[in-house]
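Me: I'd like to go through the labels given to this model and see what each one rests on. Could you take them with me one at a time?

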Amino acid sequence: MSKTTVQDVSTEPEPGPQSRHTADEPRTVGGSRAFALLLVITGAAGLLAAWVITLDKFKILEAKARGETFTPSCSLNPIVSCGSVMESEQASVFGFPNPMLGLVAYGIVICVGMSLLARARFPRWYWLTFNAGTLFGVGFCTWLMIQSLYEINALCLWCSLAWVATIVMFWYLTSFNVRNGFLPAPAGLRNFLGEFTWVLPVTHVGIIVMLIMTRWGSQLWA
């Protein structure tokens with residue numbers, strides 16, 4: 001069985017002499033088909049989560065207007081309770097439901113992935129701007145996770161899907177930028193990312209799972 005490395009997932013071969021940029025032209029870089037698909041899949045997963053949460057949020061508001069109560073299908077028990085998270089103050093931190101931001105952000109990720117599938121190439125500023133956006137996304141998801149665990153005291157499964165999608169796309173995009181020289185890093189780190197980028201999102205998600213289990217343990221399934 002052949003071994004698939006992270007380099008196969010997120011980089012493409014260096015262009016030949018005939019296609020190299022001139023001194024007056026900024027270097028542009030595309031991504032492999034696998035990297036493009038990773039962006040499309042993680043963007044689609046985040047978009048699905050944002051879409052479902054948005055629909056449920058509207059249903060909750062409509063039910064309240066009628067003097068009724070709507071319970072989202074992912075509210076399984078007092079701990080795994082999407083409704084509790086959606087009705088919290090943290091769910092509208094910018095003055096509108098958080099998933100509406102996700103509808104835009106994850107849609108952009110899908111567009112970037114589809115562009116790469118069409119063999120598009122982008123300059124350094126584009127990749128760094130994209131990376132900054134995913135960094136904001138990871139930071140925001142981390143804040144929401146802390147709020148869910150220690151303030152709201154409830155877990156939303158659709159939110160968790162969005163967290164994982166954002167974490168995966170952030171680490172693979174950061175690895176892509178490091179290995180293409182857009183982010184400064186020592187050669188040892190570039191070599192590590194060429195083979196073991198997967199370690200970073202797996203470790204990150206593993207820490208979140210550990211925190212969730214430490215916080216609630218068997219109560220998740222009660």
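Reply: Gladly! The accessible surface of the protein chain is about 12,000 Å², and carbon and sulfur atoms hold 67% of that. Please keep in mind that this is a predicted model. The chain has eight helices and two strands, and 46% of its 222 residues count as buried.

Me: Why is Phe94 called partly exposed?

Reply: Its relative accessibility is 42%. Buried would need a value under 20%, and exposed one over 50%. Phe94 therefore counts as partly exposed. You will find Phe94 in the loop between α3 (82-86) and α4 (98-117).

Me: What makes up the nonpolar patch on the surface?

Reply: Phe94 is one of its residues, along with Phe58, Leu61, Val93, Phe96, Met100, Phe136 and Trp143. Together they have about 710 Å² of accessible area. The elements giving two or more residues to the patch are α2 and α5 (124-152).

Me: How do you know that Lys57 has no salt bridge?

Reply: The nearest side chain of opposite charge, Glu87, is 6.8 Å away.

Me: Which backbone oxygen lies 2.7 Å from a polar atom of the Lys57 side chain?

Reply: That of Met86. Met86 is also among the residues that Lys57 touches, together with Glu87 and Pro97, leaving aside residues up to four places away in sequence.

Technical notes:
Residues numbered from 1 in each chain as written. Predicted model: local features only at pLDDT ≥ 70, side-chain atom pairs only at ≥ 80, totals over all residues. Heavy atoms only, no water. Buried < 20%, exposed > 50% of the residue type's maximum accessible area, 1.4 Å probe, protein only. Lys, Arg positive; Asp, Glu negative; His and termini not counted. Salt bridge = Lys/Arg side-chain N within 4 Å of Asp/Glu carboxyl O. Polar contact = N/O pair within 3.5 Å; in protein donor to acceptor, adjacent residues only side chain to side chain. Contact = heavy atoms within 4.5 Å. Patch = residues over 30% accessible without salt bridge, like charges linked within 9 Å, V, L, I, M, F, W, Y side chains within 5 Å. Areas by Shrake-Rupley, 256 points an atom, 1.4 Å probe, with all protein chains shown as cover. Helix = DSSP H or I, 4+ residues; strand = E, 2+ residues; numbered from the N terminus.
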